[in-house]
Each structure stands twice: as structure tokens, then as C-alpha cells.
Amino acid sequence: MRFDARNVPATFSICHCEPCRRWTGSALLEVSIKTEDLTWHGADRIATRASSDWAERAWCRDCGTNVYFRHTREDKWFGTTDLPLGIFDDASGFELTHEIYVDHKPDSFAYESKGHKHLTRAEVLALQGYMGEDE
């Protein structure tokens, strides 16, 4: 399974929510790309699972590699697909712009800060309009 991506931003973000930490075994370092700018080759090898009422996660049926996180409910991030940074053949040159769920981040996780944004769980859910809903 491979993909082609157009209009790839030069930025990435980090999510420290519990589902992302469990899914990756760490934190999700992700590049957010418009879904329409992705072309999958071998898409039949991609398995998906609804990971909440508003999102799904995907992995490769052959090797188990985590492939993407995608919002399925129309919200601020609907229409984008978050690809793990490590899925790119060359992950060099991306710039960290923000970390989310920083109030869930283990104290052993430290990323060099060059002024990127830090958002708590409450701040993220407020942006999405999900106050009071589970992750």
C-alpha cells in the first residue's frame, strides 16, 4: 500500500490524547492533508475502525502500519486526513506548529519549542464544538 499526496504542508503537529498515545505507543506526530489531495494505491489493503463518534483510524492489513486518522463528522478539521509523520519516505524538513492535549502529555515527553502553540483538551474540544463529549 502506497499513497501520493499533493499540497503537503511543511508543518506537523503532535497529539497527546490517550487514544493517539495508545494507537502509536507514544504521541501522534501528524501531517494534516486535505483528503482530496491524497491518492491511495492498494486502498483495499487499508482497514478502518471508528475510534469515536466523530473519527476513524486506519492501518495496513498487510503490515499493521498506522495509516491515518480522519474526522468523520463535519467539524473544524472535517475534510482533512492526518498522516503519521513516519509514514512519509522522507520526514525531514517539517516544522512543528502545535501540540494538542498537552494536559495529557506524559512528563517524559519533551519536544523542542520554537514558539509552537500548546492546546489543552478543553481548548481542542471547544474549537471542535464537542464540549462534554468523549474523545
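Which charged end sits over the ring of W23, and how many Å from its centre? It is the charged end of R57, 4.9 Å from the ring centre of W23, where a charge sits over a ring if NZ of Lys or CZ of Arg is within 6 Å of the ring centre and within 35 degrees of the ring normal. R70 likewise lies over the face of Y68, at 4.1 Å from the ring centre.

This is a predicted model, in which local features need pLDDT of at least 70 and side-chain atom pairs count only at pLDDT 80 or more, while totals for chains, interfaces and linings use all residues. Residues are numbered from 1 along each chain as its sequence is written, and side-chain values use heavy atoms, with hydrogens and water left out.

Rings of Phe, Tyr and Trp (its six-membered ring) pair if their centres lie within 6.5 Å, and the planes count as stacked under 30 degrees apart, as edge-to-face over 60 and as tilted for the rest. By this rule there are four aromatic pairs, including the two in the table.

| Pair | Centre to centre | Angle between planes | Class |
|---|---|---|---|
| W40 and Y68 | 5.9 Å | 40° | tilted |
| F88 and F94 | 5.4 Å | 50° | tilted |

W40 lies in strand β4 (residues 38-41) and Y68 in strand β7 (residues 66-71), so their pair ties together parts that are 28 residues apart in sequence; strands here are DSSP runs (E, at least two residues), numbered from the N terminus.

W40 and Y68 are both buried, a word that means under 20% relative accessible area (1.4 Å probe, protein chains only). F88 counts as buried because its relative accessibility is 13%, and F94 is buried at 17%. Ring pairs link F3, W40, Y68, F88 and F94 into a cluster.

Definitions and conventions:
Helix = DSSP H or I, 4+ residues; strand = E, 2+ residues; numbered from the N terminus. Buried < 20%, exposed > 50% of the residue type's maximum accessible area, 1.4 Å probe, protein only.
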